[in-house]
Amino acid sequence: MKKFFALMTFVLAAFILVGCGSGGTPTPNPDPDPNPDPDPVETTYDLGGIDFVVMCDNAQKCDPRSATYERLFKQEKVDKITLVEEKYNVKVVFRNYPTNASWGGARERYIIEESALKTQATHVYEIISTSIGNLAEQGSIVSLDDYMEAYGSDKFWPEKKAFGEIKGKHYGYDDQYPIADKGLYYNVDLLGRVLGESRKNEPTQKWADGEWTWATFTALANELKSKLDHTRTDENGGAQYVFGGRTYNWAYGFIGANGGRLVDEDFNTYLTSQPVLDTLEYLSGLYATEGMWIDDASLSNTSQPQFTAGNVAFQDGESWHINASNKWGSATFDIDYVPFPVGPNVLEDMSNYRVLQVGGKSTHVISSSFSKANIPAGYEDLMIHDEIIFKIWADMQYFPDTVEMIQDDFYNVRLLPNYATELSREAHLDLIDIAYPDNFYSVAESLNQNDTSFMIMIQQAIRQAEVRSIMTSTESNLQAILQERFNLGENYYN
């Protein structure tokens with residue numbers, strides 16, 4: 001009888017803790033992965049009206065019930081939340097990250113600490129996909145493969161699923177489509193003045209005609225260079241350049257458009273692969289022409305001020321930069337889009353032409369604080385754990401039947417009001433589904449804003465025309481860090 005009352009006291013105390021949204025500090029679970037055999041049978045849950053907490057960048061913009069919600073399918077997602085709250089007896093709450101977890105490494109450290117302490121304050125985290133490797137290695141988030149198979153939607157975008165994969169497991173799940181939104185943007189007015197009005201949209205026309213290759217791009221760049229003046233004084237309007245923006249950002253775009261990548265989901269590295277070396281050599285050749293390229297933009301912004309001022313023909317970027325106040329919002333000229341030119345390593349069918357996402361994509365992961373393994377047997381339907389969390393989260397997602405609705409929204413909201421021509425809008429829509437994950441930024445050493453970061457090494461390889469030697473040493477240093485940080489094994493890169 002004493003054992004019975006002791007067990008009931010423990011269960012009641014645990015249930016109260018869950019209901020209050022807080023938890024103690026039980027012994028950390030060495031295996032936060034979910035039950036490999038989840039029960040697919042529909043179950044009725046009563047979680048006592050607890051807060052189901054989703055932590056994100058901006059709670060008001062993440063919550064479809066908010067007037068400032070910015071994403072698609074607002075009413076459909078509101079209906080989903082209403083259903084979830086009734087089905088599970090929970091209250092869905094979106095919260096902002098604290099100021100000490102604003103982004104990047106700070107956010108990773110916050111999630112790792114919260115999971116280690118088993119605070120159980122948050123069920124779902126919005127993160128950038130390049131953080132998944134570190135969080136998974138630390139046991140701070142749950143792999144979702146079995147739960148996705150049992151409870152996930154068969155409409156879950158395979159393009160998005162790829163952004164959640166690390167070392168053979170998947171950790172991210174949501175209904176946000178990973179739109180490919182990187183490319184080259186050009187000053188239409190400037191091209192019209194120096195090339196003639198009939199050629200002001202020549203880059204995008206070349207793409208539409210299947211002629212936008214490295215050779216075509218080089219010829220156009222050299223022609224523009226001969227007609228722009230990088231020695232022009234401020235009194236006469238300021239120096240003019242063909243290209244603007246940090247060379248490493250250009251490199252990412254050109255590498256993807258040459259069939260290459262830098263680091264894959266298993267942490268294999270490709271810094272000295274032929275597509276990468278060819279790309280960097282090509283960009284280095286362009287950079288060597290005096291006055292061709294200005295690339296001293298702030299590391300914290302990387303948009304070249306001279307582009308916004310109207311004195312640079314091409315700048316790398318994304319569609320939202322056109323009207324962003326901290327990017328090109330103050331520009332007084334028409335801006336159009338063209339994809340990165342097709343490199344020589346791309347196959348004839350363009351199947352390996354990619355919009356490389358070195359910076360990752362937003363995704364959502366589940367905290368390992370709620371491991372089902374820590375729930376007393378027989379109480380799995382009364383206490384919240386990772387399997388129930390996934391079911392709730394999965395029930396909150398809305399997947400349309402096709403990607404066309406997303407394309408239409410992207411066209412109407414982003415492309416139609418911002419791009420100068422229908423030609424550019426169509427070109428971007430054609431590539432909306434080829435965003436490609438890359439894990440180069442999965443370690444801070446790649447993106448630190450200092451002289452030794454690996455992104456700056458890519459920049460130096462281009463600037464100094466020492467591509468092979470710099471990339472060989474950079475790859476070796478990167479592999480040593482990846483090997484240690486992700487427990488890849490001593491001979492992994494042999």
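This is a predicted model: local features need pLDDT of at least 70, side-chain atom pairs count only at pLDDT 80 or more; totals for chains, interfaces and linings use all residues.
Strand β1 (residues 50-56) and β2 run parallel and are joined by 7 bridges. Within this pair, C56 stands opposite N96 in β2.

## A sheet of five strands

Another open sheet has 5 strands, arranged in the order β8-β7-β9-β6-β10, again with mixed pairing. At its edges stand β8 (293-294) and β10 (335-338); each has a single partner strand, so one side of each is left without a neighbour in the sheet. Strands of a sheet pair through backbone hydrogen bonds, and the pairing is either parallel or antiparallel.

Strand β9 (residues 312-318) lies between β7 and β6 in the order of the sheet. With strand β6 (residues 182-187), β9 runs antiparallel, and 5 bridges join the two. Y186 stands opposite F314 in β9, and Y185 has Q315 of β9 as its bridge partner. With strand β7 (residues 241-244), β9 pairs in the parallel sense over 3 bridges. Here G244 has Q315 of β9 as its bridge partner. Strand β9 is mostly covered, as 7 of its 7 residues are buried.

## Two packed helices

Two packed helices are described by the angle between their axes and by the distance between those axes. For helix α8 (residues 188-195) and helix α10 (residues 214-227), the angle is about 75° and the axes are 10 Å apart. Angles of 65 to 115 degrees count as roughly perpendicular, and α8 and α10 are therefore roughly perpendicular to each other.

On the α8 side, the contact is made by L191, V194 and L195. On the α10 side, L220, E223, L224 and K227 take part. Sorted by class, the contact of α8 with α10 has 5 nonpolar residues, 2 charged residues and no polar ones.

## Residue N201

N201 is placed in the loop between α8 and α9 (202-208). Is this residue buried or exposed? The relative accessibility of N201 is 16%. Buried means under 20%, so N201 counts as buried.

Leaving aside neighbours within four places in sequence, N201 is in contact with Y186, V188, D336, T421 and L423. Y186 is the residue that stands opposite F314 in β9. The C-alpha atoms of N201 and L191 are separated by 7.7 Å, and the two residues are 10 apart along the chain. L191 also belongs to the contact of α8 with α10.

## The chain as a whole

The protein chain has 19 helices and 13 strands. With 494 residues, a compact globule would have a radius of gyration near 23 Å, and the 25 Å of the protein chain agrees with this. Taken along the principal axes, the C-alpha atoms fill a box of roughly 95 × 50 × 45 Å.

Of the 494 residues, 54% count as buried. Among contacts between residues at least 6 apart in sequence, 75% join residues at least 24 apart.

Notes. Residues are numbered from 1 along each chain as its sequence is written. Side-chain values use heavy atoms; hydrogens and water are left out. Axes are lines fitted to C-alpha atoms, for helices over the stretch in contact, and angles run from 0 to 180 degrees between N-to-C directions. Helices (H or I, at least four residues) and strands (E, at least two) are DSSP runs, numbered from the N terminus. Angles under 35 degrees count as roughly parallel, over 145 as roughly antiparallel, 65 to 115 as roughly perpendicular and the rest as oblique. Contact means heavy atoms within 4.5 Å. Ala, Val, Leu, Ile, Met, Phe, Trp, Tyr, Cys and Pro count as nonpolar, Asp, Glu, Lys and Arg as charged, and the others, Gly among them, as polar. Two strands pair if DSSP finds at least two bridges between them. The radius of gyration is taken over C-alpha atoms; the globule rule is 2.2 Å times the number of residues to the power 0.38. Buried means under 20% relative accessible area, exposed over 50%, partly exposed in between (1.4 Å probe, protein chains only).
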